[in-house]
Amino acid sequence: MRLIGGAAIAFFLTLTCMSVSAPAQGQRSQDGQAIFRFDTFGDEQFWTDVLRMNDAIETVSPATALSVGLKVDVRALPPTVIRALKAGEIDLNDPAVTLTLLKLNAVVGVMGQVNDAGELTRLGITCALCHSTVDNSLTTGIGRRLDGWPNHDLNVGAIVGLSPALPADLKAEFAKWGPGMYDPRHHAFDGMNLIGLNSPSVPVVIPPAYGLKGVGFETYTADGPISYWNAYVGISQMGGQGTFRDPRIGLFIRQTPDLVTPKLAALSQYQLSLRAPEPPEGSFNRRAAQRGKRVFYNEGGCASCHSGSTFTDVWKGPRKDRPLLHDPSEVGTDSAYAGRSATGKYRTTPLRALWQHPPYFHDGSATDLPAVVDHYVKQFGLTLTDDQKFDLVEFLKSL
């Protein structure tokens, strides 16, 4: 029997007590994983009070949510629900099912409060929304969490565009981002209002949050260490309640009590524990990769910037508290995004699990690794044969 409408919601609600709830607030402050997965930092003040996304999400079906890249954590679902999903007995076109998934804390990176009348009264997001995905072990978009993996299916612009509070011109601008892209320099939330930072929008690829240990300056433009960026995003982008100050970009936000800063240490500790995933067996040619390694360190000259165990030269500057950066023209990269950052330049990207996260470069301008190699062959006037370029790509896939 296919469950639809009120029958579906009733079926789910009888099983809600079997789900694993998010940790209590006191636990979250001590647990970086819980902060990463479940802590909204009080950003309901933005997503609910200002954007009124709770009103919009109430009408969104699971099928629609999955189509814009939202993911469902299969481990948050009771076994009976999993069996019903496998059997096709749950109507994924029913918005009531979406509300129940939120009540089960099963939607990755989204936290919702549903009252006894089945109304979504509060909605917030967590770090996991953009920086986690699932392994699709049950079906596409539903599986076990993969923390730190960038969600390149996530269409943030389309999701935010559902807000009944945003003007049409702003929605149209966000709609241009596309899946896996976001512009953290376009706007900021100061606790009361959405304020403009730069226009037009210059979206960048959502980066991975794994393999960051030892990198030190984790963002494209190396504005600061990971806790700096967590604070910037948590407060100004997610809309969390806290204090952020950076005179370099002229952004000053003060909110009390600060629900972000006390959690930054635990959050960064968890993020730095996330190891880059190994390439799947058979995903690259091992013999070609061995030859490509020689090209990387010799003919290609890649290691002049992508050096050391982290494959970045960001630590090679004269001062350890300041990153070594590269002018956009030096590496043939668009300068628009860097010009809106605190540094105006780009750091050398650490080469971590490249097999997992195309497209490449901050703006996604290289669709695959052969395009990356071709870019640098042209930029630096390299004389690599087609065989050498193939081998180099295979080595990059092995990292």
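Predicted model: local features only at pLDDT ≥ 70, side-chain atom pairs only at ≥ 80, totals over all residues.
User: How many aromatic pairs are there?
Analyst: The count comes to 16 aromatic pairs. Rings of Phe, Tyr and Trp (its six-membered ring) pair if their centres lie within 6.5 Å; planes under 30 degrees apart count as stacked, over 60 as edge-to-face and the rest as tilted. One of the pairs is Phe46 with Phe189, tilted, at 4.6 Å centre to centre and 35° between the planes.
User: Where in the chain do Phe46 and Phe189 sit?
Analyst: Phe46 is in helix H4 (residues 44-47) and Phe189 is in strand E8 (residues 187-189), 143 residues apart. Helices (H or I, at least four residues) and strands (E, at least two) are DSSP runs, numbered from the N terminus.
User: Is Phe46 buried or exposed?
Analyst: Phe46 is buried, at 4% relative accessible area. Buried means under 20% relative accessible area, exposed over 50%, partly exposed in between (1.4 Å probe, protein chains only). Phe189 is buried too, at 0%.
User: New topic. How many residues of H12 are buried?
Analyst: In H12, 10 of the 12 residues are buried, including Tyr228, Trp229 and Tyr232.
User: What covers the buried residues of H12?
Analyst: The cover includes H4, E8 and helix H13 (264-273).
User: What lies over the face of Tyr232?
Analyst: Arg185 does, at 5.3 Å from the ring centre. The rule is that NZ of Lys or CZ of Arg is within 6 Å of the ring centre and within 35 degrees of the ring normal.
User: And what comes after H12?
Analyst: Gly239 follows H12, and its phi is positive, near 90°.
User: Which element gives the largest share of the lining of the largest cavity?
Analyst: H12 does, with six residues. On a 1 Å grid over the protein atoms alone, a cavity is a set of points where a 1.4 Å probe fits but cannot get out, and lining residues have an atom within 4 Å of a point. The largest cavity is lined by 40 residues, and among those nearest its centre are Trp229 and Val233.

Methods: Residues numbered from 1 in each chain as written. Heavy atoms only, no water. Contact = heavy atoms within 4.5 Å. 1 Å grid on protein atoms, 1.4 Å probe; cavity = no way out; pocket = protein on both sides within 12 Å on 5 of 7 lines; lining within 4 Å.
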